[in-house]
Each structure stands twice: as structure tokens, then as C-alpha cells.
Amino acid sequence: MKPTFTTELVTDEQVFGALAPAWGRLYQRCATATPFQSHAWLHSWWLSYGRRGRLRVLLVRDGADLVAAAPLMAVRRPVPALVPLGGAISDYGDVLVDDERGERAVTALTEGLAAAARTALIDFREVRPGGAVEQVYERWQGPRRRVSDSVCLELPAVPMEELVARLPSAKAQRVRAKLRKLTALGVQRQVVCPDEVDPALRRMLELHRLQWQGRKVTGEHLRERFCEHLVRSVGPMVRSGDAVVTEFRLDDDVVAVDLTLLSRRLAGGYLYGAHPRLRERKADVAVMLLDACAEHSRDGGRAALSLLRGNEPYKHHWRPEPVVNQRLLLARRRTAPLLSAVVCDVAARRRGKELLLRLEQRRERDGGGRS
């Protein structure tokens, strides 16, 4: 007798919290999962950012085993939609599917999502290419659209010396000189043990605030709810091998702290804080952090060292490969107008950004001509 797949829509945060053991087992059986789909990250995010009555976590079980899960919440603006938990502070959104259950689990999840959507659009943001939710997209029976989302830059998960060897000769020499400078200064790094993660994260955020003082910074990183989320989620993630926190010391003082997130396929430098004293001593913080992240990424057979979202010029110094996240929009026939509205909004915003970029480039050219 074939097992029966059942679905359940969880709307109670206490029930969601109690799913941690089963969720963790499913997470381990989903090769495409990133740390942003771990229970510790998602449940903590909900406690900090969730709104009462909006939780929508779809579960698929094979008997007693959890074999698929879609962690979602309901939003009403700009259109009624179900969106992934994790919000703007998460670099990847996705579902979890047991690799061993395959097509039947995906089919049950797809049917469950269609039923849960009702009059709402399903809007999966920041899906890394190859993510599990792409299987849902392929099986979706209603209107659907795929549009580009954020760019993530990725390097191969190799030792630092191999990353340096990929650079042009002159650049490679400069990086090696910067590594020698760090050694000469006496900068030492140490992985933080699980029991010391909480105070280390608070130090990281204090240093992060200090390093960006007087400059434009992501405001959310300075808020107490973000601090509470990190402190609550990262300790369990360190214990389960989904994160590593590294402290950097100079003259016995902690001058930098880095948080790197780990999954089976990639490692990603998520956030760091560094004291201005490092730059005053001519230490290259970017080189220091990448050296540490490369050490973490090569363990466990990972394929990629992700610089995560953002197309900042300094990242391109390392010759990374741009990997474009996808936005997968799923609708039922009655919600097709919502899908069209979102696609039109995406196109309008893209045209607006392109126009602003052209204006900035024109100003730069005009200014250059007058000088």
C-alpha cells in the first residue's frame, strides 16, 4: 500500500516553534536548502518581524514524516499575496523538499499551495537558481511568471591562495602583500564557541555601528529587533553547523567579528563589524574577511563562496560570477490580474532604475568635460 501524503496549513506560531526537530530533519534531506530556510532562522525572524494572524506555513507529511514545507506569510500590500518568511534580511527564499521523496512530495506541495493561495498571489522572492521551489513552478497549473531579482556574486569554494591566483598578476601581488601585512600586525582570528556566540554577536553589531558611523548604512542592522533576531537564531545555527562566528583580535582586543552562514552547497559572508582602528593600521578588512570565509567554505565539499546580495564594485575585484536570483510568481485563474499588476510594477521599477543610471552617467560625463 502506497503511503498517503497529507497537507496541513500552520497558522499558530507556537505550533511552528514546536516543528524544530522535524524541520531540522527535513532541512538535512534537502540539498538545495540555504541557512535562510533553517528553522532557527525562520522562527526567530517571525518572532521579531511577524504580524499576528499572518503566518502561513504549509506542511506535507508522508505518514508521520515531514517531507516538504513552504514557510510563508500573508501580506495585503501592494497586492494580497503569500510571501516567504525571512523578509528583506534574508538573501534567499525557498521551500524545503525531501530529496528522497521526489516528485510525489513536490506534487503534494504544489497542490497544497494552490489551495492555500485562495484569492492571493504566491510571490517567491530571491530564489537561488536550482532552488527547490523551481520544481513547484514547473508543475504549477495556473498563470505563472519568472522575473529576475537580486544579483549575488559567487566565487569558487577554494583556499585563499587559489582565489588570489585567479587575479591578474599585479593585483595578486597586492593581495599577498596585504595578507603579509595582517600577519605582521599580529591580527589573530578565532572561531567563537557556541556558548560565546551571543556576546560575540552583540560585539559585532556594536562594531558594525561604529564602522558605519557618519556614513550611509542599512538602517535595519542598527535596530534592536534585528539584534534580537540574530542573537536568538545564530546560536542554534552554530550548534547545528549552519553558521560560524569568527573574532579577530589585535593586541588582545576584539577589533572585528564576522558571521558566515553555511549550507551543503555554499558558504556566505552575511555580516561583519570592524573597528576603524584596523583601517588606521593599514589593515585591509575585505582581504581579512575573505581569507577567513574561504577557510570555512572549503570544508564540507561546498561548491560556492557567496558574497550574497549586492553588486558593489569592491566585490568585483575578486572576479566573481554573477548569479541572478529569481522571483517566481504563481497565480490561480482568478488572481491572474494580481500577477499582471506585479509584473508591470517590476518592469516599471526596472525602467526607472535604468533611467536614473543613465542620468547619473550623463552627469559624470558632463562633469568630466568641464573639469
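**Entry 1: a salt bridge to start**

I looked up Glu220 and found it buried, with a relative accessible area of 14%. Its side chain meets that of Arg225 in a salt bridge, 2.8 Å from N to O. Arg225 is partly exposed, at 35% relative accessible area. I note here that I am working on a predicted model.

I found a count of 24 salt bridges. I picked out Arg101 and Asp62, whose side chains meet at 3.0 Å, N to O. Arg101 sits in the loop between β5 and α4, while Asp62 is in strand β2, 39 residues apart. Arg101 is partly exposed at 23% relative accessibility. Asp62 has 11%, so it counts as buried, the limit being under 20%.

Next I took Asp149 and Arg125, a salt bridge of 2.7 Å, N to O. Asp149 belongs to strand β7 and Arg125 to strand β6, so this pair ties together parts 24 residues apart in sequence. Asp149 is buried at 17% relative accessibility. Arg125 is partly exposed at 34%.

**Entry 2: strand β13**

I moved on to β13, residues 321–330. Seven of its 10 residues are buried. Which strands pair with β13? I found β6, antiparallel, over four bridges. I also found β7, antiparallel, with nine bridges.

**Entry 3: helix α3**

Why is α3 largely enclosed by the rest of the structure? I counted its residues: nine of the 11 are buried, so the helix is largely enclosed. The buried ones include Trp41, Trp45 and Trp46. They pack against several elements, among them α1, α2 and β11.

**Entry 4: the nonpolar cores**

I recalled that nonpolar side chains tend to be buried together in soluble globular proteins. The largest nonpolar core here has 90 residues. Trp23, Leu109, Leu230, Val245 and Tyr270 touch the most other members. Strand β3 gives the most to this core, with eight residues. Another core lies apart from it, with 31 residues, among them Val158 and Ala294.

I then followed Leu230. Beyond its neighbours within four places in sequence, Leu230 is in contact with residues including Trp41, Met204 and Tyr270.

**Entry 5: an exposed loop residue**

Is Gln213 buried or exposed? I found it exposed, at 60% relative accessible area. Gln213 lies in the loop between α8 and α9. I checked its C-alpha against that of Pro276, 63 residues apart along the chain, and got a separation of 9.9 Å.

Terms used. Residues are numbered from 1 along each chain as its sequence is written. This is a predicted model: local features need pLDDT of at least 70, side-chain atom pairs count only at pLDDT 80 or more; totals for chains, interfaces and linings use all residues. Side-chain values use heavy atoms; hydrogens and water are left out. Buried means under 20% relative accessible area, exposed over 50%, partly exposed in between (1.4 Å probe, protein chains only). Helices (H or I, at least four residues) and strands (E, at least two) are DSSP runs, numbered from the N terminus. Two strands pair if DSSP finds at least two bridges between them. Contact means heavy atoms within 4.5 Å. A nonpolar core is a set of buried Ala, Val, Leu, Ile, Met, Phe, Trp, Tyr and Cys residues joined through side-chain atoms within 4.5 Å. A salt bridge is a side-chain nitrogen of Lys or Arg within 4 Å of a carboxyl oxygen of Asp or Glu.
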